[in-house]
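Biologist: I would like to learn how to read a model of this kind, one feature at a time. Where do we begin?

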Amino acid sequence: MKNGSATYRLTTAAYNQKQAFKSSLRFRSSSFFDKIFKIRDTLDAYATISDLKPLYHVRSVNEGNYSFKEEITINDRQPSYTEAKIKRIKGGKLTVDTLMRIQNAGYDLLNIFLFARSLDYSKMKLNDSYNISLFLGKNKLNVVVRYEGQSVLEKSKTLKYKTLLLSVDVADEVFVESTRAMHIWISDDENHVPLKLRANLKIGAAEAYLVSYKNLKYPLTSEIRIEQK
């Protein structure tokens with residue numbers, strides 16, 4: 001059953017008077033699901049254009065009667081060290097105001113997609129992995145991104161995509177298992193467009209598919225069109 005839709009955009013915008021990449025995600029539940037549990041979530045994140053370092057992330061959650069706003073500001077970011085300021089406002093009150101430090105590269109929910117898209121897959125071997133961290137609310141989660149090789153993703157009887165498959169280990173209680181908790185399929189071409197996401201949650205498997213795109217920098221050569229006889 002289709003329970004919602006999401007719009008993801010990657011553009012450039014000013015952050016602290018400098019041009020940066022801006023990732024945006026807008027999620028809303030469908031009209032049918034709205035009657036049970038209405039969801040309107042918005043996420044925005046900024047990263048440097050030169051080396052894709054995360055700068056800032058803001059998440060506004062509106063799910064049923066539950067809502068809050070959360071901000072992650074990266075104060076210092078190196079491959080082996082990240083310091084971030086976390087703030088959360090709920091019910092008009094500041095409920096979280098803390099400084100987090102981790103001993104590797106830290107990402108937020110959106111900039112982790114830029115990380116996956118920017119990897120040099122031409123130099124990667126099967127099962128090559130990267131250890132990073134994810135800032136999520138008051139928590140810092142250990143994440144392993146693993147290259148699972150090339151695959152073919154079937155969208156329909158007449159459309160397939162050549163893809164690069166990644167699995168993601170996430171140590172969080174919402175997943176059935178931490179190992180390979182999520183899989184991400186990205187286009188096997190210069191765009192590295194996210195085509196499909198699957199998360200094995202305790203409440204059930206959640207899947208998201210790309211349904212449309214525009215303004216790609218390169219031709220989507222991973223697309224395979226099949227003629228019907």
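**Reading the model feature by feature**

Modeller: Start with the surroundings of one residue. Setting aside residues within four places in sequence, Asp169 has contacts with Asn142, Val143, Val144, Arg146, Ser178, Thr179, Arg180 and Ala181. Bear in mind that this is a predicted model.

Biologist: Where is Asp169, and is it buried or exposed?

Modeller: Asp169 belongs to strand S11. Asp169 counts as buried because its relative accessibility is 13%, and buried means under 20%.

Biologist: Which side chain makes a polar contact with the side chain of Asp169?

Modeller: That of Arg146, at 2.6 Å.

Biologist: How do I compare distance in sequence with distance in space?

Modeller: Take two pairs. Leu165 and Asn139 are 26 residues apart in sequence, and their C-alpha atoms are 27 Å apart in space. Ile226 and Thr158 are 68 residues apart along the chain, yet 4.5 Å separates their C-alpha atoms.

Biologist: Where is Ile226 found, and what is it in contact with?

Modeller: Ile226 is in the segment after strand S15 (223-225). Its contacts, leaving aside neighbours within four places in sequence, are Lys157, Thr158 and Lys160. Ile226 is partly exposed, with a relative accessible area of 32%.

Biologist: What should I know in general about nonpolar side chains?

Modeller: In soluble globular proteins, they tend to be buried together.

Biologist: How many residues does the largest nonpolar core have here, and which have the most contacts inside it?

Modeller: The largest nonpolar core has 24 residues, and Tyr121, Ile132, Val143, Leu166 and Val170 have the most contacts inside it. Two or more residues of this core come from each of H2, strand S9 (129-136), strand S10 (139-156), strand S11 (159-170) and strand S12 (182-187).

Biologist: How do I read a helix, then?

Modeller: An α-helix has 3.6 residues a turn, so residues three or four places apart point the same way. Then check the cover along the helix.

Biologist: How many residues of H2 are buried?

Modeller: Six of the eight residues in H2 (residues 111-118) are buried, so the helix is mostly covered.

Biologist: Next, pockets. How much space lies in the second largest pocket, and which residues line it?

Modeller: The second largest pocket holds about 190 Å³ of space. Its lining consists of Tyr15, Asn16, Lys18, Gln19, Ala20, Thr48, Ile49, Ser50, Leu55, Thr73 and Ile74. By class, five of these are nonpolar, five polar and one charged.

Biologist: Which strand gives the most to that lining?

Modeller: S2 does, with three residues. Strand S2 (18-29) and S5 each supply at least two.

Biologist: Finally, backbone angles. Which residues should I look at for positive phi?

Modeller: Two cases will do. Asn16, also in the pocket lining, has a positive phi of about 50 degrees although it is not a glycine. Asn16 is in the loop between strand S1 (4-15) and S2, and is exposed, with a relative accessible area of 61%. Arg180 likewise has a positive phi, near 50 degrees, and is not a glycine. Arg180 is in the loop between S11 and S12 and counts as partly exposed at 32% relative accessibility.

Technical notes:
Residues numbered from 1 in each chain as written. Predicted model: local features only at pLDDT ≥ 70, side-chain atom pairs only at ≥ 80, totals over all residues. Heavy atoms only, no water. Buried < 20%, exposed > 50% of the residue type's maximum accessible area, 1.4 Å probe, protein only. Helix = DSSP H or I, 4+ residues; strand = E, 2+ residues; numbered from the N terminus. 1 Å grid on protein atoms, 1.4 Å probe; cavity = no way out; pocket = protein on both sides within 12 Å on 5 of 7 lines; lining within 4 Å. Points joined across faces, edges and corners; volume = space filled by probe spheres on them. Nonpolar A, V, L, I, M, F, W, Y, C, P; charged D, E, K, R; others polar. Core = buried A, V, L, I, M, F, W, Y, C linked by side-chain atoms within 4.5 Å. Contact = heavy atoms within 4.5 Å. Polar contact = N/O pair within 3.5 Å; in protein donor to acceptor, adjacent residues only side chain to side chain.
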